[in-house]
Amino acid sequence: MKRAIITVVGKDTIGIIAPVCTYLAENKINILDISQTIVNGYFNMMMIIDVTEPEKPFGVMADELATLGEEKIGVQIRCQKEEIFDLMHRI
């Protein structure tokens, strides 16, 4: 199974989670795990998704999620392949 990490960060507001989950559902991407917190008015969500058989190329999906975050939700959305995420966060 190939996995990717989605992070969503920004000022907390109503309606952040729904558009992200709707995008994933419409593109037949399964959410394997999800965690969210709100700290002092800032929203932070991390999702692990299954990208074993994506309908779109990974780069297209990542760009569309970033655009969704910027233009429609007002948050920053990043999508990285799990192996890249792990290498970036090694101690």
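**Core, salt bridges and cysteines of a predicted model**

Good morning. The largest nonpolar core in this predicted model has 22 residues, and those with the most contacts inside it are Ile6, Val8, Ile49, Met61 and Cys79. By nonpolar core I mean a set of buried Ala, Val, Leu, Ile, Met, Phe, Trp, Tyr and Cys residues joined through side-chain atoms within 4.5 Å. Buried stands for under 20% relative accessible area, exposed for over 50%, and partly exposed for what lies in between, with a 1.4 Å probe and protein chains only. At least two residues of this core come from each of β1, α1, β3, α2 and β4 (76-81). Helix α2 gives the most, with six residues. Helices (H or I, at least four residues) and strands (E, at least two) are DSSP runs, numbered from the N terminus. In soluble globular proteins, nonpolar side chains tend to be buried together.

A word on conventions. Residues are numbered from 1 along each chain as its sequence is written, and side-chain values use heavy atoms, with hydrogens and water left out. Because the model is predicted, local features need pLDDT of at least 70 and side-chain atom pairs count only at pLDDT 80 or more, while totals for chains, interfaces and linings use all residues.

Which residues does valine 8 touch, not counting those up to four places away in sequence? They are Ile16, Val20, Phe43, Asn44, Met45, Val75, Gln76 and Ile77. Contact here means heavy atoms within 4.5 Å.

I turn now to the salt bridges, of which the structure holds three. The term denotes a side-chain nitrogen of Lys or Arg within 4 Å of a carboxyl oxygen of Asp or Glu.

One of them joins glutamate 82 to arginine 3, at 2.5 Å from N to O. This pair links distant parts of the chain, 79 residues apart: glutamate 82 belongs to helix α3 (residues 82-88) and arginine 3 to strand β1 (residues 3-11). Glutamate 82 counts as buried because its relative accessibility is 19%, whereas arginine 3, at 31%, counts as partly exposed.

Another is formed by lysine 28 and glutamate 55, whose closest N and O atoms are 3.9 Å apart. Here too the pair links distant parts of the chain, 27 residues apart, with lysine 28 in the loop between α1 and β2 and glutamate 55 in the loop between β3 (42-50) and α2 (58-73). Lysine 28 is exposed, at 63% relative accessibility.

A further salt bridge connects glutamate 64 with lysine 56, at 2.7 Å between the closest N and O atoms. Glutamate 64 is partly exposed, at 29% relative accessibility, and lysine 56 is partly exposed with a relative accessible area of 29%.

Asparagine 27 also lies in the loop between α1 (17-26) and β2 (30-39). Is asparagine 27 buried or exposed? Its relative accessibility is 8%, so asparagine 27 counts as buried. Apart from neighbours within four places in sequence, asparagine 27 is in contact with Glu55 and Lys56, residues that take part in the salt bridges with lysine 28 and glutamate 64.

Finally, the cysteines. How many disulfides does the structure hold? There are zero, a disulfide being a pair of cysteine sulfur atoms within 2.5 Å. Cysteine 21 is partly exposed, at 24% relative accessibility, while cysteine 79 is buried, at 11%.
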